[in-house]
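Here is a short briefing to read alongside the structure. Have the viewer open, and we will go through it topic by topic.

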Amino acid sequence: MELTCEKIDRLRQLRKDVMALEGSIPNKGTRGDFSVKLGPMEAAFPGRTFPLSVNHEFISTTASEAASTQGFVAAMLGMLLRKGGYSLWIGNSRKAFPPALGLFGVTPQQVIFVDVKSERDVLWTMEQALKCNALVAVVGELRELDFAQSQRLQLAVEHSRVTGFIHRHQPRSLHALACNTRWKISPIASQPEEGMPGLGFPTWNVELLKVRNGRPGAWQMEWKEQGFWPLSGRKPIPIKKEERQYA
Amino acid sequence: MHKRFMSIWFCHLTTDRLVIRRPELRGKPFILASPQRGRTVVQASSREALALGIYPGTALADARAIYPTLDVFSDKPNLRDKLLYHLAEWCIRYTPLAAPDSPSGLLLDISGCSHLWGGEKAYLSDILAVLSTKGYRVRAAIADTIGAAWALARYGSNSDFIAKEGKQREALLSLPPIALRLEANVLEGLEKLGFRQISQFIDMPSATLRRRFGDGLLLRLAQAVGREEETFKPIQPKIPYEEQLPCLEPISTAKGIEIALRHVLERLCLRLAREGRGLRKAIFRGLRIDGITVKIEIGTGRASNNPEHLFRLFELKIPLFEPALGVELFTLEGLLIEKVKTAQEQLWHRSGDPAVVAELLDRVETKIGPNRIHRYLPQEHHWPERSIRAAQSLDEEPTTIWPEKPRPLHLLPDPEPIEVMVPLPDYPPLHFRHQGKVIQVSKADGPERIEQEWWLETGPPRDYYCVEDTSGARYWLFRLGLYGNGQPRWFLHGFFP
């Protein structure tokens, strides 16, 4: 019995070492009690935990996709902000309406909106905010971002352990960035409960196009009771091979 | 050291001030009046009005009967005290200890000050001259005690306003008892017994006086002749939050400006930290050798006396500070000073230190410009555009709850008109056309009627529907107005995730 415990411990240690060699930072830190529960999506990440203290990139093309992406980000933000603290929402053409954040578990007064004039200022503000370890998370709405800029943002989060969400609406090119993940969220028709009229819960097709040291995938998720639930009774739509990119 | 006091009496304080403000009133009878117990009563009369027999305390109607074209101004209740405070502040140039003496006087402790003007006589006439050129009619007197100075200023004969050292008793002898600052009933008693002058009762045994008039008279007498101490509370003038740094050589390099800025900031912050205050707004000025003043200004979200943080805010603006040929004098002025909120130090920071967040926001605001950082709180309005308000500070908590009804995450700033196909008046649309695209509605929730708030704005109500199209995208639509009451219009107001 003792031997097995030892073996398990050693295996765990080895796994951790391998992850460290591969360049991922364990979530444990001064603020390790934050966690983002993603349901079945967690399997895609190394160590089955959603990586914090990194940048996540979200891509959207249409207005409804942008709204879904905002919703998905807000849901993650809600889980991060549950223990209090502030987060920044930076954009140059913000449309987010604070009262709606409540649906995703975010207390709207915990979010500070920064409306800047230009993309350059978004980047500057984002970098400053990501360096500030008193914040929990930073959401930035950007269109273009080059590799060097994303590296700067990555360096900022590594130092401060803030989580960054970069939402890129209609980007011109999709090149590799120094972000840990790339997501694409699109809405799908909701499934109201049997015999009930009206709308169902918010339902999304979540595509994880890129993830460092993990396995990309696609899921159909429903947001209900302040959590992500897999949409039952439907087959997941497989994403095309060429859209999938391995980091 | 021997104490010397000076009492200044402004005979017509409020009316003189009004004449200074409005020179056209000079030489005219006018009064200041305010309502009292349901009627308007004269509070102060100008010299000309007094000459006509209009005294303070007369009803306005009686005053008008005496002089029908009398000018009447409203009397602000705390004007007197404010005015006296400012005059006391002005008197700091004559003595460090000055206090207002309500209702119409000032009290100065001039011990050891008068020799600078070349004696008490010159000192007294200097103050009187300056005040009367300003436009105030004043009388002033100097004595060893507050009581004697007060009495001489108001009731002294025209020749001697300066009581010699140790001769208070002699100076008081010829004055009426009212000069002792007595209460009305004591004065009445003295009047009844025929005491018209202080000399008539000052030598009476104290037991007799106490029995008839109480302790008040004895105390005032003792205070006037100096047997009893009397205290007064001098004003403490506010020292402006300003630091200066003159330079021997004109400074023209950015590094030099930074050093100067650090220098003045540290001095100002040291003082602020001692007083538990912080800067909300500060201005850094430089007087250039060509006579032009250049300045940079910063503002903070919450009061701060951390020189490092304030320096970083200024640092972003130093490129705007043009020294040209050089700056001779640097000044740093705190325009808005507030108490610093000191929170109890937490052993473990779960949620991050708000002060650090505030410092970050200050930096961002200095860079990107004002009014770009918002934190929202709910407001008790159902109308979506009015349901939120911007918070004033990082610590402000909501006073009401957030709405529970579904609201779109992406709200359009202006609702966009759409064309719809509606089967029945109260039904959601079957499809609608937005920006040239036809969108088929598959599911819908609603309506949620929101009435216009008539006390703010009038207009038709809005009926909101949440609709979902066949691809799963969700929209927030509303119908403005009702069917059967003209043709209602439809709008798209937002997108749900």
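Leaving aside its neighbours within four places in sequence, which residues is Arg172(A) in contact with? They are Arg143(A) and Glu144(A). Please keep in mind throughout that this is a predicted model.

- You will find Arg172(A) in the loop that runs between strand E5 (163–169) and strand E6 (181–187) of chain A.
- Arg172(A) has a relative accessible area of 67%, which is over the 50% cut-off, so Arg172(A) counts as exposed.
- Leu145(A) is 27 residues from Arg172(A) in sequence, and their C-alpha atoms are 9.8 Å apart in space.

**Chain A as a whole**
- Chain A contains 4 helices and 9 strands.
- Read from the N terminus, the order of elements in chain A is α-β-α-β-β-α-β-α-β-β-β-β-β.
- Of the 247 residues in chain A, 56% are buried.
- Among the contacts in chain A with a separation of 6 or more, 71% join residues 24 or more positions apart.

**Nonpolar cores**
- The largest nonpolar core has 55 residues, and the members that touch the most others are Phe72(A), Phe165(A), Trp183(A) and Phe228(A).
- Helix H2 (residues 63–80) of chain A is the element that gives the most to this core, with 8 residues.
- Chain B takes part too: domain 3 (376–404) and domain 4 (410–496) of chain B each supply at least three residues to this core.
- Apart from this core lies another, of 51 residues, including Ile110(B), Val138(B), Ile202(B) and Leu221(B).
- Not counting residues up to four places away in sequence, Phe72(A) touches Met41(A), Phe58(A), Trp183(A), Ile185(A), Trp204(A), Val206(A) and Phe228(A).

**Where chain A meets chain B**
- Chain A puts 52 residues into the contact, and chain B puts in 48 residues.
- About 4300 Å² is buried between chain A and chain B, with 67% of that area given by carbon and sulfur atoms.
- On the side of chain A, the residues that lose the most area to chain B are Phe97(A), Gln109(A) and Leu199(A), which together make up 18% of what that side buries.
- Between chain A and chain B there are 11 residue pairs in polar contact, counting pairs with both residues at pLDDT 80 or more, while the count of salt bridges is 0.
- Elements giving two or more residues to the side of chain A that touches chain B are H2, strand E2 (86–91), strand E3 (111–115) and helix H3 (119–131) of chain A.
- H2(A) gives the most to that side, with 7 residues.

- Chain B is divided into domain 1 (1–237), domain 2 (242–342 + 352–368), domain 3 (376–404) and domain 4 (410–496).
- Taken over C-alpha atoms, the centres of domain 2 of chain B and domain 4 of chain B are 52 Å apart.
- Ser104(B) sits in the loop between strand E5 (97–101) and strand E6 (105–109) of chain B.
- Is Ser104(B) buried or exposed? Ser104(B) is buried, because its relative accessibility is 12%, under the 20% cut-off.
- Beyond its neighbours within four places in sequence, Ser104(B) is in contact with Ile8(B), Trp9(B), Phe10(B), Arg80(B), Leu84(B) and Arg154(B).
- With Trp9(B), the side chain of Ser104(B) makes a polar contact, side chain to side chain, at 3.2 Å.
- Pro77(B) is 27 residues from Ser104(B) in sequence, with 13 Å between their C-alpha atoms.

Terms used: Residues are numbered from 1 along each chain as its sequence is written. Chains are lettered from A and ligands numbered from 1 in the order in which they are written. This is a predicted model: local features need pLDDT of at least 70, side-chain atom pairs count only at pLDDT 80 or more; totals for chains, interfaces and linings use all residues. Side-chain values use heavy atoms; hydrogens and water are left out. Domain bounds come from an automatic or database domain assignment. Buried means under 20% relative accessible area, exposed over 50%, partly exposed in between (1.4 Å probe, protein chains only). Contact means heavy atoms within 4.5 Å. A polar contact is a pair of N or O atoms within 3.5 Å; within protein, one must be able to donate a hydrogen and the other to accept it, and residues adjacent in sequence count only if both atoms are side-chain atoms. A nonpolar core is a set of buried Ala, Val, Leu, Ile, Met, Phe, Trp, Tyr and Cys residues joined through side-chain atoms within 4.5 Å. Buried area is the accessible area (1.4 Å probe) that two parts lose on being put together, summed over both. A salt bridge is a side-chain nitrogen of Lys or Arg within 4 Å of a carboxyl oxygen of Asp or Glu.
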